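Hello,

Here is the structure I promised to pass on to you. Have a look at it first, and then read on for what turned up.

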Amino acid sequence: MPTEKTWKFAGVNFDHMHMGDLLRLVYEHPRAEIVGIADEQPARMEATALKFGVPNGRVYADFRRCIEETQPDVVLLCPMTSRHGEYVEAVAPYGTHVLVEKPMASTLMDADRMIRAMEATGKTLVINWPLAWYPPHVTTKRLIDEGVIGDVIEVHYYDGNRGPLRHLADKIEVGDGDALRQRSESWWYRRDTGGGSLLDYLGYGVTLGTWFYGGRAPVEVTTTAFNPADSEVDEHSVTVCRYERGLSKYETRWGTFTDPWTLQPQPKCGFVVVGTAGTISSYDYESVIRLQTRERPEAHEIPVDTLEAPGRNPIEYLIHCLETGEPVSGPLSTALSRVGQQIVDSAVLSAREKRTVPLVG
């Protein structure tokens, strides 16, 4: 049975703006508290500390000291993608549970480092994919599980935004000039730190796609990516996965005409799922999904499900799993996220070598 324990969370590394979103969810949970935050660049924590009332004595430049002094139950990690494996290995010996913000890692090798490090402690590792909490996609998965569209045979995914420097936590907008000035110094636009739209967004599509497919993985992957002349990383990628029963397409884009959380661009951001007995279009932030079935072949709108606790966000879900012993499932599980990472690694290899490759790993 659930306890009345107050769960202690520490936020470590603010490379990814989603740290602010995660800490807000901790702050809003009635039985969770922020016991410390840490970053090598203290200035990046100032707004967060002020917003959530984190006292100066709980703000650290050294994450090790933060963990040792605050003794958190859970560490939230938001480092640049290339450092996910390094940070999980460094945090794991402290015996905390760990939540890593998407993507899982920059390589399958790092993903496996993370899994091994946490398995050695017996603690829980989860990978948070914010799209997994969008009501349209949760509704789509429910209808798939209920057999409404039969067996899934195609997933079409298109997603992205105007660019990762165009917004902060809670989608606070950054102006064109400020975003452009930050670009030359940002890890998002460097290959060696895990930048690029493919590593930023493909994991979303293929991890949720694997969820829709019931865990099935593709046989082979073909990817092409576009790097603008002034960028060392891609800003647009298209990945085609061949499964045993057909093809699916996953497309990532920095440079959408509008951000989907303000105005859906065209193409719309989200998913279209095709089954043997129907289809579903499931677009980010929308209040309806559109369904076709053999009994009702005209596309018709279905209101999205209202999410209820403990399935509304990653913090309450993780606390629920820790308190009840229920295993983490769906996109947050390392098993499903690892399949997504296999596809991402395959896509990177395919784009680099300009050929179709078998699924790696």
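A definition to begin with: the radius of gyration is taken over C-alpha atoms, and the rule for a globule is 2.2 Å times the number of residues to the power 0.38. Please keep in mind that this is a predicted model. For 361 residues the rule gives a radius near 21 Å, and the protein has 20 Å, so the value agrees with that of a compact globule. Along the principal axes, the C-alpha atoms fill a box of roughly 60 × 55 × 40 Å.

The protein is built from 10 helices and 15 strands. Of its 361 residues, 56% count as buried. Among contacts between residues at least 6 apart in sequence, 67% join residues at least 24 apart. The accessible surface comes to about 15,600 Å², and 51% of that belongs to carbon and sulfur atoms. As for charge, there are 37 positive and 50 negative side chains, with the centres of the two sets 2 Å apart.

Now to the inside. In soluble globular proteins, nonpolar side chains tend to be buried together. Here the largest nonpolar core has 100 residues, and Phe 9, Leu 76, Leu 77 and Tyr 250 touch the most other members. Helix H8 (residues 197-212) gives the most to this core, with 9 residues.

Just after H6, Gly 147 takes a positive phi of about 80 degrees.

Not counting residues up to four places away in sequence, Glu 251 touches Tyr 157, Tyr 158, Asp 159, His 236, Ser 237 and Val 238.

Finally, some backbone details to look for in the loops:

- Gln 266 and Pro 267 are joined by a cis peptide bond, with omega about -5 degrees; Pro 267 is found in the loop between E10 and E11.
- Ala 309 and Pro 310 are also joined by a cis peptide bond, with omega about 5 degrees; Pro 310 lies in the loop between E14 and helix H9 (314-324).
- Lys 171 has a positive phi, near 60 degrees, although this residue is not a glycine. Lys 171 sits in the loop between E7 and helix H7 (176-183), and is partly exposed, with a relative accessible area of 29%.
- Tyr 285, another residue other than glycine, has a positive phi near 70 degrees. Tyr 285 lies in the loop between E12 and E13, and its 37% relative accessibility makes it partly exposed.

Enjoy exploring, and best wishes

Terms used:
Residues are numbered from 1 along each chain as its sequence is written. Side-chain values use heavy atoms; hydrogens and water are left out. Helices (H or I, at least four residues) and strands (E, at least two) are DSSP runs, numbered from the N terminus. Buried means under 20% relative accessible area, exposed over 50%, partly exposed in between (1.4 Å probe, protein chains only). Contact means heavy atoms within 4.5 Å. Accessible areas come from the Shrake-Rupley method with a 1.4 Å probe; for residues, only the protein chains shown count as cover. Lys and Arg count as positive and Asp and Glu as negative; His and the chain ends are not counted. The place of a charge is taken as NZ of Lys, CZ of Arg, CG of Asp or CD of Glu. A nonpolar core is a set of buried Ala, Val, Leu, Ile, Met, Phe, Trp, Tyr and Cys residues joined through side-chain atoms within 4.5 Å.
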